Amino acid sequence: MAAAPIAIANADDPRVAEFRDIRERDLTGRENRFIAEGTVVLRMLAEAHAEGRGFRAEKILLLRNRVAGLLPILDLFPADVPVYVAEADALAGIVGFHLHRGVLALGRREERDGAALIDALPERALVLVGCGISNHDNAGSMFRNAAAFRADAVLFDETSCEPLYRKALRVSVGSVLRVPHRRGGKALDLLLALAERGFAIWTLSPHGKMEIRAIPAAARMALVVGTEGEGLPEALLARFQSARIPQSDELDSLNAATATGIALFSMASAMGRI
C-alpha cells in the first residue's frame with residue numbers, strides 16, 4: 001500500500017531535490033540512481049521493485065491531478081516509498097520545464113556482476129549485445145525489441161550509452177527494467193565470455209556473409225549490433241560469424257534499432273520463441 005501523498009509547494013523543497021532540472025542533468029551514474037518518467041515506466045518500476053529484479057524506487061513525484069488515476073500503480077509500491085505531489089507551476093519549477101505526463105520516480109539500481117549475469121542465463125538463451133551504441137533513442141528501442149522477441153539479456157559494452165538514461169528508459173517503455181542487462185567491459189571480452197559458454201555469436205553487418213533468415217538455430221545464440229555509420233569493428237566481424245539483412249541496393253544500411261528488431265525476430269523465430 002502506497003504512502004499518503006505529501007504536498008510540495010516550493011520548487012526548492014529539499015525532499016524533491018533529485019528531480020530538479022532533469023533536462024540538463026541525469027542521475028544515472030550517481031550512486032546508481034535514475035529517473036523514471038511516465039505511467040508505463042512507473043508501472044514497470046513498481047513491478048521490478050516488487051519482484052526483486054535489482055531495481056528499487058526511492059521516491060515518487062506526481063502532478064496532483066494524476067494521483068487518483070495512478071492509485072492502482074502506487075499501491076504496488078511499499079509504504080516506505082514517499083509519494084510527493086505538486087501543482088503544475090511548482091512541478092515545472094522543480095523539473096525545469098512543463099512536464100505534461102506529470103509522472104516521475106527516483107529509482108536505484110543494485111550493482112550487478114556481468115559474469116554472474118551470463119552464468120545465470122538458461123540453457124536455451126538469446127542475448128543481444130550492443131557495441132558503441134551512443135544514441136539513447138536507439139538504445140531504448142533495442143531494449144524494447146529485446147523484450148518483444150523474448151531475449152534473455154542485453155549486454156552493452158563500455159563504449160555504449162547508459163540504458164537507464166531518462167530518455168533511453170522512456171523510449172524502451174520500461175523494458176530496461178524488465179530485461180536483465182549490464183553495461184561495461186570491452187566488446188571482445190563480452191563475446192568471448194559468451195562463446196566460452198556455448199553461444200553461437202552472430203555479428204550484424206550490411207556485408208555479412210550469411211543472410212539473416214539462413215542462420216541455423218542453436219540452443220544459445222547472441223546477436224551483436226554496432227553503432228550506426230561505423231558499424232562493428234572489423235576485428236569483431238572477422239573473428240565471429242556475420243549476418244546481413246537483405247535490402248534495397250539504394251540504401252546502404254538500416255538504423256540500429258530497426259536492424260535489431262528484424263534480426264531478433266528472425267533469430268527468435270528460428271529458436272521457436274515466437
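Start by selecting A235. The place of A235 is in helix α8 (residues 234-239). Helices are DSSP runs of H or I with at least four residues, strands are runs of E with at least two, and both are numbered from the N terminus. A235 is exposed, at a relative accessible area of 58%. The scale has these cut-offs: buried is under 20% relative accessible area, exposed is over 50%, and partly exposed is in between, with a 1.4 Å probe and protein chains only. A235 and L188 lie 47 residues apart in sequence, and 8.9 Å separates them in space, C-alpha to C-alpha.

A word on what is on screen. This is a predicted model, in which local features need pLDDT of at least 70 and side-chain atom pairs count only at pLDDT 80 or more, while totals for chains, interfaces and linings use all residues. Residues are numbered from 1 along each chain as its sequence is written, and side-chain values use heavy atoms, with hydrogens and water left out.

**Zoom out: the whole protein**

Show everything as a cartoon. The protein has 9 helices and 12 strands. Its radius of gyration is 20 Å, close to the 19 Å that the globule rule gives for 274 residues, so the protein is as compact as a globular protein of that length. That radius is taken over C-alpha atoms, and the globule rule is 2.2 Å times the number of residues to the power 0.38. The C-alpha trace spans about 60 × 40 × 30 Å along the principal axes of the protein. Of the 274 residues, 53% count as buried. Contact means heavy atoms within 4.5 Å. Among contacts in the protein with a separation of 6 or more, 76% come from residues 24 or more positions apart.

Select T203. T203 is found in strand β9. Its relative accessible area is 0%, so T203 is buried. Which residues does T203 touch, not counting those up to four places away in sequence? They are V224, L232, L236, L237, F240, Q241, S242 and A243.

Step on to S205. S205 sits in the loop between β9 (200-204) and β10 (210-211). At 11% relative accessibility, S205 counts as buried. Leaving out residues up to four places away in sequence, S205 touches L237, A243 and R244.

**First helix pair: α5 and α9**

Select residues 136-148 for helix α5 and residues 256-270 for helix α9. The two pack at an angle of about 10°, with their axes 8 Å apart. That makes α5 roughly parallel to α9. Angles under 35 degrees count as roughly parallel, over 145 as roughly antiparallel, 65 to 115 as roughly perpendicular, and the rest as oblique. The axes are lines fitted to C-alpha atoms, for helices over the stretch in contact, and angles run from 0 to 180 degrees between N-to-C directions.

Show the side chains at the contact. From α5 come N138, S141, M142, N145 and A146, and they meet A256, A257, T260, G261 and L264 in α9. By class, this contact of α5 with α9 has 5 nonpolar, 5 polar and no charged residues. Ala, Val, Leu, Ile, Met, Phe, Trp, Tyr, Cys and Pro count as nonpolar, Asp, Glu, Lys and Arg as charged, and the others, Gly among them, as polar.

Move to helix α1 (residues 39-51) and helix α2 (residues 67-74). They pack at an angle of about 25°, with their axes 10 Å apart. That makes α1 roughly parallel to α2. T39, L42, R43 and A46 in α1 meet L70, I73 and L74 in α2. By class, the contact of α1 with α2 has 5 nonpolar, 1 polar and 1 charged residues.

**Loop stops**

Select E87. E87 has its place in the loop between β4 (83-86) and α3 (88-95). At 47% relative accessibility, E87 counts as partly exposed. E87 and R64 are 23 residues apart in sequence and 5.6 Å apart in space, C-alpha to C-alpha. Neighbours within four places in sequence aside, E87 is in contact with L63 and R64.

Go to D21, in the loop between β1 (6-7) and β2 (33-37). D21 has a positive phi of about 55° although it is not a glycine. At 33% relative accessibility, D21 counts as partly exposed.

Finish at V173. V173 lies in the loop between α6 (166-171) and β8 (181-183). V173 has a positive phi of about 45°, although it is not a glycine. At 27% relative accessibility, V173 counts as partly exposed.
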